[in-house]
Amino acid sequence: MSLDTSSTRSLVLADRAPGRTRIDRAPRRRWTLERIVPFLMVLPVLAILGVFRIYPLLLGINFSFTGDRELNGVFVGFQNYLTLLEDERFLASARNVLVVLLFVPIEVLVAGLLATFIFLKVPGHRFYRSVYFLPVVLSPIIIGAIFNIVLAANGPLNGVASSIGLPTVDWLGQTLTALPSVLGVHVWATFGMAMVIFLAGLSTLDTQLLEAARIDGANLRQTIVHVIIPGLSQTITFVFVTTTIGMLTGLFGLLYTMTAGGPGTASYLPEFLIWKLNGEARPALASAASVFLLLLVLVIGLIQIRVLRHATKEA
Amino acid sequence: MTTVAVGAVAALALTGCGGAAPTTGSSSGGAESGELVIWNWGNSDEAAESFQTDVIAAFNEKHPDVEVEIVAQPFDQYYTLLGSAIEAGTAPDLALFNGGTQLASRADMLFPVTEELADLEETLAGWPAFQAGGETYSAPMFLQGFPIYYNKAIFEQAGLDAENPPTTWDELTTACESILAETDVSCFALGNKEGLGIEFFLSGFASGVFTPEEYDAWIDGERDWEGEHARQVLELWQQTSEDGWYNAGANSTAMFNDSFDLFSGGQAAMVIGLTSGIAHWKQFDEFLGEDLGFMMPVTVNDGTTLALPAEGGIGYGILNEDKFDLGVDWIRATVDHDALSAYSLAGGQITSDTTIELDTDIQSAQDIVSELPGSKPLLHTALSGETLDLLHRLGQELLINEVTVDDAAGQLAASEG
């Protein structure tokens with residue numbers, strides 16, 4: 001059965017404005033300076049992306065299919081990936097990613113609540129805004145060094161704990177506490193940025209709604225649950241996903257200074273493993289681990305796009 | 001006019017290029033012009049800086065027209081950066097390497113200098129750390145050793161004989177019990193954050209645990225991790241932790257320099273230190289003075305022969321075949337007798353040149369040097385990078401009882417294939 005498209009075609013042609021013939025449209029396709037300039041202006045960015053992002057990325061992916069040492073440059077197929085699946089550190093880092101994801105809601109909740117309090121102008125809100133943002137400007141290495149001292153077995157935190165009769169813990173030297181301690185510090189160090197995004201989102205809230213809620217006698221909890229959270233749905237989604245990506249790709253500095261991946265493999269994450277493998281003269285294997293991290297972030301990124309698109313439709 | 005000018009410049013350039021090489025070549029027997037790019041991880045102090053200057057001067061005596069460019073890279077990132085540079089085709093002509101695992105795992109990138117340095121074999125010690133597959137890849141500049149240092153003042157405080165440190169494991173155990181009972185400090189300073197503690201423990205005490213035959217077999221690659229004595233090392237490591245020998249939070253204490261600071265600051269009675277650029281006799285002497293003591297490993301099992309664990313520490317390897325001859329001469333300059341003599345005193349490093357006499361009245365240094373003739377290579381540097389990393393992780397897990405000795409030994413045996 002053939003499909004007759006002649007009627008549709010005639011409708012489309014009929015819809016054309018009078019006089020829009022092929023001859024009239026031809027000059028519009030000319031590459032005039034006005035049409036070329038925007039592309040030229042975008043070109044440097046594309047070139048930078050291409051040279052410094054896309055090309056190394058492709059090189060890295062290509063490299064992950066080659067061997068190390070005596071097999072340097074030799075195509076080995078998926079051997080590196082199979083090797084990784086048998087590597088205890090890789091499996092541990094994959095497991096630890098799940099622990100990292102558990103801390104994402106904590107950071108979003110902390111940042112969201114504190115931003116809300118500042119937005120609602122609790123006493124001293126200007127002071128708190130600065131204080132909460134301060135850790136964001138510190139280097140992870142400095143933060144790691146500070147918390148190495150704070151969390152040391154004989155450090156001030158354990159000093160306070162023992163003074164009030166609580167047991168002391170080697171926070172960074174025990175399997176159960178090492179990664180959560182690093183993640184806790186990471187939350188402290190980075191929630192300020194999420195808070196600023198929340199504040200920006202809060203500033204776009206309809207003040208009339210807030211005023212109406214106040215006049216209707218809504219308490220703080222009711223205001224947050226029924227007015228602020230629904231109004232911030234897009235912001236919450238954005239912060240949630242960017243925080244996840246930040247945690248997956250931005251913990252190296254803290255891990256390096258605070259736990260070095262240990263004890264054992266307790267605080268290994270993909271980024272740290274990549275660095276370790278490269279340091280062991282196994283760059284191809286490190287590339288395979290990098291591709292794994294890329295896929296991980298890509299999945300999160302796709303979720304981000306999907307969730308944001310969905311949230312936009314709701315709005 | 002322009003053509004004439006270009007021609008004149010070209011002629012001058014050609015004359016310059018063509019003229020310099022033959023002149024220096026004929027005057028110094030094969031000297032070249034150009035540049036020699038060398039990577040290392042920098043100089044820790046003035047003494048190291050001075051040593052580097054001496055080495056460059058020794059090299060330039062033979063190659064006055066070769067410019068030496070030293071590129072100092074951060075040690076933490078050193079092998080990562082070097083690996084990346086090699087892959088990217090931007091590797092230096094020569095690079096500094098730690099002997100043992102770090103060099104052996106990269107031997108395929110280096111050009112052997114076995115025949116070229118054969119005449120130095122008698123005067124230098126520590127060659128095995130720079131050999132792999134029957135070839136020599138560098139000359140050892142300094143010796144890397146794991147001597148046990150102790151604090152005489154703490155020994156006296158604990159009622160121990162400071163001039164006669166323990167010689168057997170039982171005596172060491174008794175000494176630790178006394179130190180823990182009579183003082184407020186730990187018996188050993190330990191930094192195990194990077195997992196390095198167990199490699200110091202293994203190599204530091206090995207000669208008192210393994211028979212000489214077992215020791216040599218280990219170095220030759222015949223290692224039985226599930227054998228009695230290898231298991232014993234793991235057991236002792238775990239037991240000493242349970243007995244409270246170490247400072248609190250050892251797994252979260254960095255060895256460099258936190259654990260060594262604990263010893264220097266009188267917070268621990270003993271430490272397994274180094275003979276190379278850091279945590280050596282001279283550095284500890286600055287803090288402890290006459291209280292600094294040196295002791296040999298202790299006898300754990302019958303039939304063992306105590307030996308100072310020491311081998312070649314660092315040396316330069318050649319990465320660029322085009323600069324091979326220059327590279328050989330650079331390596332020879334790094335073991336220049338005069339340069340090493342000056343540095344051994346100023347820098348505190350025990351050099352590989354056995355003809356150098358250490359002119360110091362610091363007793364611990366003299367004691368270490370006197371033990372060098374009977375020294376044995378370090379056991380941990382014979383391991384592959386993968387096994388060594390596994391050992392680090394298992395060392396941490398053993399310390400907090402998260403793995404059994406049997407399991408650890410099994411994993412290490414499997415890692416060695």
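Trainee: Where is B:Asn401 found?

Mentor: In this predicted model, B:Asn401 belongs to the loop between α15 (385–399) and α16 (405–416) of chain B.

Trainee: Why is B:Asn401 called partly exposed?

Mentor: Its relative accessible area is 45%; since a residue counts as buried under 20% and as exposed over 50%, the value for B:Asn401 falls in between, and therefore the label is partly exposed.

Trainee: What makes the phi of B:Asn401 worth noting?

Mentor: Phi of B:Asn401 is near 55°, which is a positive value in a residue other than glycine. Most residues other than glycine have a negative phi. B:Ala279, in the loop between β9 and α11 of chain B, also has a phi near 55°.

Trainee: Is B:Ala279 buried or exposed, and how do you know?

Mentor: The relative accessibility of B:Ala279 is 0%, and because the cut-off for buried is under 20%, B:Ala279 counts as buried.

Trainee: What makes the peptide bond from A:Gly262 to A:Pro263 stand out?

Mentor: Omega of that bond is near 0°, and the bond is cis; A:Pro263 lies in the loop between α13 (252–258) and α14 (270–279) of chain A. Most peptide bonds are trans. A cis bond also joins B:Phe256 and B:Asn257, with omega about 0°, and B:Asn257 lies in helix α10 of chain B.

Trainee: Which strands form the open sheet of chain B, and in what order?

Mentor: The order is β8-β9-β7-β10 in chain B, and the pairing of these 4 strands is mixed. Because β8 (186–188) and β10 (292–295) of chain B each have a single partner strand, they stand at the edges, and one side of each is left without a neighbour in the sheet. From one strand to the next, the twist averages 25°.

Trainee: How do you know that β7 of chain B pairs with β10(B)?

Mentor: Two strands pair if there are at least two bridges between them, and 4 bridges join β7 (residues 148–151) of chain B to β10(B), so the two count as paired, and they run antiparallel. Within this pair, B:Ile148 has B:Met295 as its bridge partner, and B:Tyr150 stands opposite B:Gly293.

Trainee: Which way do the residues of β10(B) point?

Mentor: B:Leu292 and B:Phe294 point one way, B:Gly293 and B:Met295 point the other way, and all of them are buried. In a regular strand the side chains alternate between the two faces of the sheet.

Trainee: Which strands does helix α11 of chain B lie across?

Mentor: Helix α11 (residues 281–288) of chain B lies across β7, β9 and β10 of chain B, running at about 140° to β10(B).

Trainee: How many cavities of 30 Å³ or more does the count give?

Mentor: The count comes to 2 cavities, and the largest cavity has a volume of about 110 Å³. Its lining has 15 residues, of which B:Phe188, B:Ala189, B:Leu190, B:Phe200 and B:Ile272 lie nearest its centre. The elements giving two or more residues to that lining are α7, α10 (255–264) and β9 of chain B, with α7(B) supplying the largest share, 4 residues.

Trainee: How many helices and strands are there in chain A?

Mentor: Chain A has 15 helices and 0 strands, and buried residues make up 37% of its 315 residues.

Terms used
Residues numbered from 1 in each chain as written. Chains lettered and ligands numbered in written order. Predicted model: local features only at pLDDT ≥ 70, side-chain atom pairs only at ≥ 80, totals over all residues. Heavy atoms only, no water. Axes fitted to C-alpha atoms, helices over the stretch in contact; angles between N-to-C directions. Contact = heavy atoms within 4.5 Å. Buried < 20%, exposed > 50% of the residue type's maximum accessible area, 1.4 Å probe, protein only. 1 Å grid on protein atoms, 1.4 Å probe; cavity = no way out; pocket = protein on both sides within 12 Å on 5 of 7 lines; lining within 4 Å. Points joined across faces, edges and corners; volume = space filled by probe spheres on them.
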